[in-house]
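Thanks for coming. I have one structure to go through today, and I will keep to what can be read from it.

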Amino acid sequence: MAYLHWVPELDTGIAEIDTQHKRILDYINKLHDLRSSPDRAALGDVIGETVDYTLSHFAFEESVIESAGYMFAGPHKKVHELFTRKVAEMQSRFDAGEDIATELHGMLSRWLFNHIRNEDHGYIDSVKAYLRMTGKQRDADKAELKAELLQELAAKQNGKKGWFARLFGG
């Protein structure tokens with residue numbers, strides 16, 4: 001397998017998740033660069049970084065889809081757990097001295113694209129709806145805070161309208 005390139009059909013349209021997926025792709029490409037390197041320490045570092053970052057991505061993604069009420073959040077998490085076990089096994093084999101770089105690179109490459117296309121694309125609508133809703137809620141919270149600040153200011157000024165109250169329509 002050669003270098004991996006991001007393709008538009010992998011975009012979820014959820015900026016943070018797409019950024020994280022692209023970073024995982026960068027790690028896979030670093031692994032590609034080092035897979036035939038005699039520098040096992042550097043290869044081990046990249047494998048460790050890839051695993052650590054992927055686990056943090058999974059935690060983030062699982063949190064978002066659970067918050068969004070995605071109905072398949074549980075099964076999605078199980079897919080992540082199976083993948084994590086498989087990668088942990090490969091990392092153990094590497095730590096024991098086995099040359100797993102090419103195998104790991106191939107597995108990660110196939111898995112990333114298949115997982116995004118199949119499992120991740122299933123939650124897009126739920127997460128986008130959730131993000132729209134929470135965005136509107138934040139705007140409502142800001143409006144409520146603004147109204148409270150204006151009331152406080154008005155009370156302090158004993159009914160006088162200062163520049164702040166005039167500026168914000170109080």
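In which helix is Asn 29 found? Asn 29 is found in helix α1, residues 15-34. Before I go further, please note that this is a predicted model.

Let me stay with Asn 29 for a moment. Asn 29 has a relative accessible area of 8%, and the cut-off for buried is under 20%, so Asn 29 counts as buried. In sequence, Asn 29 and Ser 109 are 80 residues apart, yet from C-alpha to C-alpha they are 9.0 Å apart in space.

Now the helix around that residue. Helix α1 has 20 residues, and its first and last C-alpha are 29 Å apart, close to the 28 Å expected at 1.5 Å a residue. Which residues of α1 are buried? They are Ile 17, Asp 18, Gln 20, His 21, Ile 24, Leu 25, Tyr 27, Ile 28, Asn 29, Leu 31 and His 32.

Next, the chain as a whole. Its secondary structure comes to five helices and zero strands, and along the sequence the pattern reads α-α-α-α-α. Of the 170 residues in the chain, 35% are buried. The chain exposes about 10,200 Å², with carbon and sulfur atoms supplying 55% of that area. As for contacts with a separation of 6 or more, residues 24 or more positions apart account for 70% of them.

On to the pair α2 and α3. Helix α2 covers residues 40-67 and helix α3 covers residues 73-95; their axes come within 11 Å and cross at roughly 170°. Angles over 145 degrees count as roughly antiparallel, so α2 is roughly antiparallel to α3. What classes of residue make up the contact of α2 with α3? There are ten nonpolar, seven polar and five charged residues in that contact.

Taking the two separately, α2 has 28 residues and reaches 40 Å from first C-alpha to last, close to the 40 Å expected at 1.5 Å a residue. Helix α3 has 23 residues and reaches 32 Å, close to the 33 Å expected on that basis. The buried residues in α3 include Ala 73, His 76, His 80, Phe 83, Val 87, Met 90 and Phe 94. A helix has 3.6 residues a turn, so residues three or four places apart point the same way.

Then the loop between α2 and α3, where Gly 69 lies. Just after α2, Gly 69 takes a positive phi of about 75°. Is Gly 69 buried or exposed? Its relative accessible area is 53%, and the cut-off for exposed is over 50%, so Gly 69 is exposed. Gly 69 and Tyr 130 are 61 residues apart in sequence, and their C-alpha atoms are 8.2 Å apart in space. There is another glycine to mention: just after α3, Gly 97 takes a positive phi of about 105°.

With a relative accessible area of 4%, His 115 is buried. Which residues is His 115 in contact with, leaving aside its neighbours within four places in sequence? They are Glu 61, His 76, Val 79, His 80 and Asp 120. Two of these, His 76 and His 80, are buried residues in α3.

That is what I have; questions are welcome.

Key: Residues are numbered from 1 along each chain as its sequence is written. This is a predicted model: local features need pLDDT of at least 70, side-chain atom pairs count only at pLDDT 80 or more; totals for chains, interfaces and linings use all residues. Side-chain values use heavy atoms; hydrogens and water are left out. Axes are lines fitted to C-alpha atoms, for helices over the stretch in contact, and angles run from 0 to 180 degrees between N-to-C directions. Helices (H or I, at least four residues) and strands (E, at least two) are DSSP runs, numbered from the N terminus. Angles under 35 degrees count as roughly parallel, over 145 as roughly antiparallel, 65 to 115 as roughly perpendicular and the rest as oblique. Ala, Val, Leu, Ile, Met, Phe, Trp, Tyr, Cys and Pro count as nonpolar, Asp, Glu, Lys and Arg as charged, and the others, Gly among them, as polar. The expected span of a helix is 1.5 Å times one less than its number of residues. Buried means under 20% relative accessible area, exposed over 50%, partly exposed in between (1.4 Å probe, protein chains only). Contact means heavy atoms within 4.5 Å. Accessible areas come from the Shrake-Rupley method with a 1.4 Å probe; for residues, only the protein chains shown count as cover.
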